[in-house]
Amino acid sequence: MERPDAEGAEGAGTVSSVGIARLAGVGRAAVSNWRRRYADFPEPVGGTPTSPSFDLAAVERWLMAQGKLPEVSAPDRAWREIAAASGGPDLGGALWLAGLMLFHRSIAGDAWSAVPPPSSLAASAGMVNREAEVLFRGELPDAWLPRHLVVLSAAAGVAGDPAEIFEHFYALYLRARGATSDYVTPVSVARLMLSLTDAANSTSDPARPVADVMDLACGMGSLLVEAARAHHDVRILGQDLDPTAACIAQVRLLFTSKEQSAVIRVGDSLRTDAFPGERVDLVVSNPPFGLHDWADDQLTFDPRWEYGGLPPRTEPELAWVQDALAHLRPGGQAVLLMPPVAAWRSAGRRIRGELLRRGVVRAVVALPSGLLPATSVGLHLWVLRRPADSQVTDRVLMIDASRLEQPTAEAVIELAVPAWRSYEREPASVNEQAGLVKLVPVIDLLDEEVDLTPARHLTVAEDEQRDPTELLASGEQVLKRLREVAENMPTLMPAMPPALSEIRGLSLDELVRTGTVEVVRGYSRVSVDAESASEPGVTGGDVVRGSGPSGRAPGTAIRIESGDVLVPALGASVVARVATAEQIGVRIGQNVSLIRVDAERVDPWFLAGMLTAPTNRREATRQSSGTSIVRVNLKRLQVPLLPVEQQRRYGEAFRRLIEFDAMVERAAGETHRLVQELSMALTRGSLVPECGA
């Protein structure tokens with residue numbers, strides 16, 4: 001689910017050092033150098049000594065005079081005015097207000113001459129969508145405040161197509177929101193979900209037309225906007241707890257198709273259903289996970305619990321499943337993004353079993369990790385159908401896309417969509433692929449655990465009939481690899497007392513101030529609607545794995561150079577790695593920081609190794625209770641102050657340890673596969689124990 005709470009505007013007419021760096025397209029260290037080198041650099045007007053704020057107009061004048069300000073487009077300049085006037089917490093409200101002003105301009109054409117009063121602005125939406133007018137009237141003020149007038153005037157003054165201008169504002173807003181953008185459903189995932197629906201196949205199967213689409217927790221409308229773009233004649237229904245998110249979604253849908261009926265309402269779908277009794281053909285949703293208080297005690301006798309009764313308090317995801325089914329017509333379909341624990345937690349066995357017995361569960365797709373920035377865990381897609389009399393199924397389509405070599409939404413579509421369409425036409429026609437696609441009989445799923453995890457039911461894609469002599473030869477190769485691993489263990493010596501115990505440490509922030517290193521933070525989220533135009537980006541997972549880019553990055557993100565140190569902002573602990581050959585030349589992606597060192601003063605391998613010291617774990621803050629994920633406070637991490645030659649000796653040891661770890665991991669994978677194959681050969685009788693063994 002999407003949440004619009006925003007950050008990114010430092011205050012009315014002010015900008016931070018980070019904001020100046022983004023304006024000029026440089027690192028933060030460059031801004032610090034300018035302040036020291038140029039006597040005419042604008043003085044701070046607020047903030048703190050360590051985090052000052054500057055007058056935005058004065059900074060822009062200085063950058064322009066120095067030739068350091070890139071050319072700024074009219075929409076970008078207008079957005080700066082909007083962000084400066086609104087302040088960080090209200091940036092989402094400024095976005096939809098600007099969008100509504102742009103929509104009013106598109107309706108009025110040349111007839112408008114001044115900013116209209118709030119009632120007239122809402123009425124302009126009502127000319128094409130009465131429900132939109134009702135929503136906006138409930139959220140607009142009775143009269144404009146000065147900051148509202150700045151936002152409205154800035155939006156109205158940009159020449160060009162209002163719809164394109166608003167989408168540009170929306171992209172800039174997502175970039176400014178920082179970590180809260182974890183709650184946005186990426187366009188690629190929205191398209192993946194819709195590709196598994198009747199809406200995607202209605203042209204080839206007219207027997208299943210889709211007349212209406214609903215999202216139970218629509219956020220800012222990613223799923224509904226994609227549905228509206230693909231099908232201009234469908235009715236759109238959405239609900240979200242956050243009024244700002246709901247208004248943003250409504251504005252986006254107004255621009256997507258003015259002729260389309262889009263109804264967005266405010267409220268918690270579980271507690272206060274905004275569409276009671278409404279039945280639709282399709283529900284698509286990315287509902288919130290892990291709710292601790294979803295009012296189960298107030299909903300004991302709710303009529304929606306028709307599949308196994310009231311969900312336990314620990315199973316809010318199954319409450320969303322039943323909510324979705326309650327809004328479907330017979331034969332209607334739901335595609336929900338679910339956490340993997342919902343497939344196997346013991347508390348949900350009764351409900352999962354009832355869903356299977358009544359033919360509701362049609363497919364479960366395990367997604368690769370990293371498709372959603374909110375979590376590094378691979379999520380599941382549940383494809384459900386409210387059964388009509390003739391639609392009960394005795395088999396479930398299981399797809400494990402987490403095993404794909406290319407962990408992208410496009411690769412999942414290529415695997416899952418043909419299998420799903422074959423399953424819908426005739427289950428027997430599905431082309432099963434070992435380890436990836438399989439039809440599982442419902443009776444096999446109704447065991448003690450009722451586990452819907454695809455990996456549990458799909459065999460590994462290995463040749464079960466490998467020649468036993470070949471298997472034994474593979475064993476010799478694995479033993480050879482293990483000996484090579486042992487020989488590559490770096491040689492280290494004990495030191496008593498500890499060699500670094502008396503060495504003074506410097507924080508990364510101090511190293512930045514001295515110009516020894518430069519720190520560049522990646523965006524917390526790439527603009528989802530500009531995703532098709534973005535470039536490959538290195539994610540936190542790529543840093544940990546030492547692999548090439550699996551994510552996306554905006555074209556303005558910095559490119560990685562040889563010797564750069566990469567640090568994921570989120571993880572189970574502090575991780576720092578020197579960029580690999582596959583990562584050099586690629587842009588940094590979401591939630592990744594880059595440290596660029598002065599190689600004459602700092603060894604990158606030494607820096608990366610020392611950043612992971614146990615003493616630095618205290619500078620990582622837990623994201624929330626009940627989770628092991630922490631956020632790294634980069635500038636407070638400590639590094640011991642050593643001569644560069646001594647750093648290089650340590651750095652070489654750290655480099656060899658990383659290589660050793662990679663060798664161990666590869667050898668462990670080969671050993672695990674060999675043990676599985678040898679065990680299967682023993683069970684088949686193609687291998688037997690030695691005599692006397």
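Predicted model: local features only at pLDDT ≥ 70, side-chain atom pairs only at ≥ 80, totals over all residues.

1. Neighbours within four places in sequence aside, Gln 583 is in contact with Val 538, Asp 542, Val 543, Gly 546, Ser 547, Ile 560 and Leu 566. Gln 583 itself sits in the loop between strand S19 (577–578) and S20.

2. Is Gln 583 buried or exposed? Its relative accessibility is 2%, so Gln 583 counts as buried, the cut-off for that being under 20%.

3. Which backbone oxygens lie by the polar side-chain atoms of Gln 583? The backbone oxygen of Ser 547 lies 2.9 Å from a polar atom of that side chain, and the backbone oxygen of Asp 542 lies 3.2 Å from one.

4. S16, S15 and S20 form an open sheet of 3 strands, in the order S16-S15-S20, with mixed pairing. Strand S16 (551–553) and strand S20 (587–588) are at the edges with a single partner strand each, so one side of each has no neighbour in the sheet.

5. Strand S15 (residues 535–538) runs antiparallel to S16, and 3 bridges join them. Within S15 and S16, Glu 535 stands opposite Ala 553.

6. Elsewhere, Met 489, Leu 492 and Leu 657 make a nonpolar surface patch of about 260 Å². Leu 657 belongs to helix H23 (residues 644–684), and at 33% relative accessibility Leu 657 counts as partly exposed.

Conventions
Residues numbered from 1 in each chain as written. Heavy atoms only, no water. Pairing = 2+ DSSP bridges. Helix = DSSP H or I, 4+ residues; strand = E, 2+ residues; numbered from the N terminus. Buried < 20%, exposed > 50% of the residue type's maximum accessible area, 1.4 Å probe, protein only. Polar contact = N/O pair within 3.5 Å; in protein donor to acceptor, adjacent residues only side chain to side chain. Contact = heavy atoms within 4.5 Å. Patch = residues over 30% accessible without salt bridge, like charges linked within 9 Å, V, L, I, M, F, W, Y side chains within 5 Å. Areas by Shrake-Rupley, 256 points an atom, 1.4 Å probe, with all protein chains shown as cover. Salt bridge = Lys/Arg side-chain N within 4 Å of Asp/Glu carboxyl O.
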